[in-house]
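Trainee: Could you show me how to read a model such as this one, starting with a single residue and ending with the whole chain?
Mentor: Let us look at it together.

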Amino acid sequence: LSIYSYYLISIFVAAVLWLSKPEDDVPFISLANYELVVYSTSGQRLLNYVVDSVYFSTINFSWLMFHVPSEHHTTASVLLNLAGTFINFLFYYFLAELLFRRTMGKIITNTCVVATHGNMGPARIFGRSLARFIPFDVLSFLWNGNWHDKVSGTTVVHAHSWEDIMFEGEEKDLS
């Protein structure tokens, strides 16, 4: 298979994902407009990371297999692999969170990305994706650091929890 075949397959997979996206679209929201929300737990964030890592690794491995055969390891090929991995990683998180406000891990845990203040938009999501490259950011959730959240002014909450919170004795209006 050529590089063009790989990109055609990637476009096909992206189209299938787009067509099969969850029906309950998560809007661009800011928590500044809501008083109560249910935040994701550290366990959910860990599961998000594991699922996203497995999903991303599969995509990236197939990309690497098409670009540099294993018998041609040169400095240029290693740099190409690193650059490709960086770009794939950035695009995976950016596109998933821009289009759906969720990655595969967040879909499984029914969580999503929202702004803590101001508008949620492409620039904020791109900043969040870039901030994932902060050294040890992956482990920052262990002490509630979540550095890529703090840098970008975002957080992860249960999807639609800003609409679903009810108090004892309160009935949800279904009209």
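Trainee: Which residues is valine 114 in contact with, leaving aside its neighbours within four places in sequence?
Mentor: This is a predicted model, and in it valine 114 is in contact with Ile29, Leu31, Met120, Gly153, Thr154, Thr155, Val157 and Trp162, once those neighbours are left aside. Valine 114 is found in strand S1, which runs over residues 111-115.

Trainee: Is valine 114 buried or exposed?
Mentor: A residue counts as buried when its relative accessible area is under 20%; the value for valine 114 is 0%, so valine 114 is buried.

Trainee: How far apart are valine 114 and arginine 101 in sequence and in space?
Mentor: The two are 13 residues apart in sequence, and from C-alpha to C-alpha they are 7.5 Å apart in space. Arginine 101 follows helix H3 and has a positive phi, near 65°.

Trainee: How should I describe the way helix H3 and helix H5 pack?
Mentor: Two packed helices are described by the angle between their axes and the distance between the axes. Here H3 (residues 75-99) and H5 (residues 122-131) pack at an angle of about 140°, and their axes are 9 Å apart. The two helices are therefore oblique to each other, and their crossing is right-handed.

Trainee: Which residues make that contact?
Mentor: From H3 come Phe86, Leu90, Tyr93, Phe94, Glu97 and Leu98, while H5 supplies Pro122, Ile125, Phe126, Arg128, Ser129 and Leu130. Sorted by class, the contact has nine nonpolar residues, one polar residue and two charged residues.

Trainee: What span should H3 have, and what do its end C-alpha atoms show?
Mentor: At 1.5 Å a residue, the 25 residues of H3 should span 36 Å, and this agrees with its end C-alpha atoms, which are 36 Å apart. Among the buried residues of H3 are Leu90, Tyr93, Phe94 and Glu97.

Trainee: Where is histidine 148, and what does it touch?
Mentor: Histidine 148 lies in helix H6, residues 147-152, and with a relative accessible area of 8% it is buried. Not counting residues up to four places away in sequence, histidine 148 touches Arg45, Arg128, Ala131, Arg132, Asp137 and Thr154.

Trainee: How many helices and strands are there in the chain?
Mentor: There are seven helices and two strands, and read along the sequence they follow the pattern α-α-α-α-β-α-α-β-α. Of the 175 residues of the chain, 36% count as buried.

Conventions
Residues are numbered from 1 along each chain as its sequence is written. This is a predicted model: local features need pLDDT of at least 70, side-chain atom pairs count only at pLDDT 80 or more; totals for chains, interfaces and linings use all residues. Side-chain values use heavy atoms; hydrogens and water are left out. Axes are lines fitted to C-alpha atoms, for helices over the stretch in contact, and angles run from 0 to 180 degrees between N-to-C directions. Helices (H or I, at least four residues) and strands (E, at least two) are DSSP runs, numbered from the N terminus. Angles under 35 degrees count as roughly parallel, over 145 as roughly antiparallel, 65 to 115 as roughly perpendicular and the rest as oblique. A crossing is left-handed if the near helix is turned anticlockwise from the far one by less than a right angle, and right-handed if clockwise. Contact means heavy atoms within 4.5 Å. Ala, Val, Leu, Ile, Met, Phe, Trp, Tyr, Cys and Pro count as nonpolar, Asp, Glu, Lys and Arg as charged, and the others, Gly among them, as polar. The expected span of a helix is 1.5 Å times one less than its number of residues. Buried means under 20% relative accessible area, exposed over 50%, partly exposed in between (1.4 Å probe, protein chains only).
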